[in-house]
Amino acid sequence: MPWCDDCAKFWNPNSLPPDGTCPICGQLIGDPVDTSVPWHFWLLLVATVVYLGWRLAQGLGWLVSEGYPLLAVGVGTATVILAGSGVVWLWRGRNRRAEHRGAAE
Ligand SMILES: [Zn+2]
């Protein structure tokens, strides 16, 4: 159970930031937790993106072959906008977390 001398307070390990510092005064009171993502998560993510991209291309090709080229363009455009928004959202969140870590140190 992490104890902070300066704040005279016990902390639940789950309520500490990942770097193991006191949330109030910033003193190191616990063991830093390894929060890095394992390499096979990224492999799975890339495989999923490749697979879903291939299925999207198949689906758009099917729409064109069935005589709905405008629908294919609409679905393709919407998918690119949604996927792009998701990437931007993840990237901004990653930068926000990095700034938060920088401010805490
Ligand atoms: Zn403290």
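Residues 24 or more positions apart supply 16% of the contacts in the protein chain with a separation of 6 or more. Two residues are in contact if their C-beta atoms, placed from the backbone, lie within 7 Å.

The model is predicted: local features need pLDDT of at least 70, side-chain atom pairs count only at pLDDT 80 or more, and totals for chains, interfaces and linings use all residues. Residues are numbered from 1 along each chain as its sequence is written.

**Confidence**

pLDDT is the predictor's confidence in each residue, from 0 to 100. The protein chain has a mean pLDDT of 90. In the protein chain, 97% of residues reach 70 or more. Among its elements, helix α1 (residues 39-65) has the highest mean pLDDT, 96. Helix α2 (residues 69-104) has the lowest, 89. Where pLDDT is low, the predicted coordinates should not be read in detail.

**Overall layout**

The protein chain has two helices and two strands. Read along the sequence, the pattern is β-β-α-α. Helices (H or I, at least four residues) and strands (E, at least two) are DSSP runs, numbered from the N terminus.

The protein chain is divided into domain 1 (1-35) and domain 2 (36-105). These bounds come from an automatic or database domain assignment. The C-alpha centres of domain 1 and domain 2 lie 36 Å apart.

How does the radius of gyration of the protein chain relate to that of a compact globule of 105 residues? The protein chain has 23 Å, whereas such a globule would have a value near 13 Å. The radius is taken over C-alpha atoms, and the globule rule is 2.2 Å times the number of residues to the power 0.38. Along the principal axes, the C-alpha atoms fill a box of roughly 70 × 25 × 20 Å.

Of the 105 residues of the protein chain, 3% count as buried. A residue is buried if 20 or more other C-beta atoms lie within 10 Å of its own, exposed if 12 or fewer, and partly exposed in between, with C-beta atoms placed from the backbone.

**Helix α1**

The 27 residues of α1 should span 39 Å at 1.5 Å a residue. The end C-alpha atoms of α1 are 39 Å apart, which agrees. The expected span is 1.5 Å times one less than the number of residues. The number of buried residues in α1 is zero, so α1 lies largely in the open. G67 follows α1 and has a positive phi, near 95°.

**Selected residues**

P2 lies in the segment before β1 (3-4). P2 counts as partly exposed because 17 C-beta neighbours lie inside 10 Å. Leaving aside neighbours within four places in sequence, P2 is in contact with W11, P13, L16, I29 and G30.

M1 is also found in the segment before β1. M1 is exposed, with 8 other C-beta atoms within 10 Å.

A8 sits in the loop between β1 and β2 (9-10). Its phi is near 50°, a positive value in a residue other than glycine. Most residues other than glycine have a negative phi. A8 counts as exposed, with 7 C-beta neighbours inside 10 Å.

R92 belongs to helix α2. R92 is exposed, with 10 other C-beta atoms within 10 Å.

| Pair | Separation in sequence | Distance in space |
|---|---|---|
| P2 and G20 | 18 residues | 8.8 Å |
| M1 and R101 | 100 residues | 23 Å |
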